[in-house]
Amino acid sequence: MQIRLSGLPRIDPTHVARAALEIEMDGTCWELDETGEPPAIQFAGLLKRHDLDVILSEWATRLFFRCLRQQAERLRSSLPLNRG
């Protein structure tokens, strides 16, 4: 799985107000934005459906995960980042 800001591959995400996340896996791309289901819920669904070994990002993975985790907490939802 690879995570990046949609349409902004060379821009540092700490300098962008709000952009959709683009998730690419096995040649398929998903854009997670606020127009439908919250990105944290969509991302949790992808994690549950796919058995991932590695998640890469073009920028700070911590930033992406922090934002997704905060949104999940606000929604009282879980973000299954740990295998168990």
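User: Let's start with the strands. How do you know that β2 and β3 pair?

Analyst: Strand β2 (residues 21-25) is joined to β3 by five bridges, and the two run antiparallel. Two strands pair if DSSP finds at least two bridges between them, so this couple qualifies. One of the bridges has Glu22 partnered with Glu31 in β3. As for provenance, this is a predicted model: local features need pLDDT of at least 70, side-chain atom pairs count only at pLDDT 80 or more, and totals for chains, interfaces and linings use all residues. Residues are numbered from 1 along each chain as its sequence is written, and side-chain values use heavy atoms, with hydrogens and water left out.

User: What makes β3 and β4 edge strands?

Analyst: The open sheet has four strands in the order β3-β2-β1-β4, with mixed pairing. β3 (28-32) and β4 (56-57) each pair on one side only. Strands here are DSSP runs of E, at least two residues, while helices are runs of H or I, at least four, all numbered from the N terminus.

User: What does helix α1 touch in the sheet?

Analyst: Helix α1 (residues 39-49) packs on the sheet and touches β1 (2-5), β2 and β3. Contact means heavy atoms within 4.5 Å. Its direction makes about 155° with that of β3, with axes fitted to C-alpha atoms (for helices over the stretch in contact) and angles between N-to-C directions running from 0 to 180 degrees.

User: Why is Leu56 called partly exposed?

Analyst: Leu56, in strand β4, has a relative accessible area of 49%. Buried means under 20% and exposed over 50%, with partly exposed in between (1.4 Å probe, protein chains only), so 49% is partly exposed. Leu56 touches Met1, Gln2 and Ile3, leaving out residues up to four places away in sequence. The C-alpha atoms of Leu56 and Ile3 are 6.1 Å apart, though the residues lie 53 apart along the chain.

User: And Gln71, why is that one called buried?

Analyst: Gln71 comes in at 9% relative accessibility, so the buried label applies. Gln71 is in helix α2 (residues 61-74). Beyond neighbours within four places in sequence, Gln71 contacts Glu34, Pro38, Pro39 and Ala40.

User: What makes the link between Gln71 and Glu34 a polar contact?

Analyst: Their side chains are joined at 3.1 Å. A polar contact is a pair of N or O atoms within 3.5 Å; within protein, one must be able to donate a hydrogen and the other to accept it, and residues adjacent in sequence count only if both atoms are side-chain atoms.
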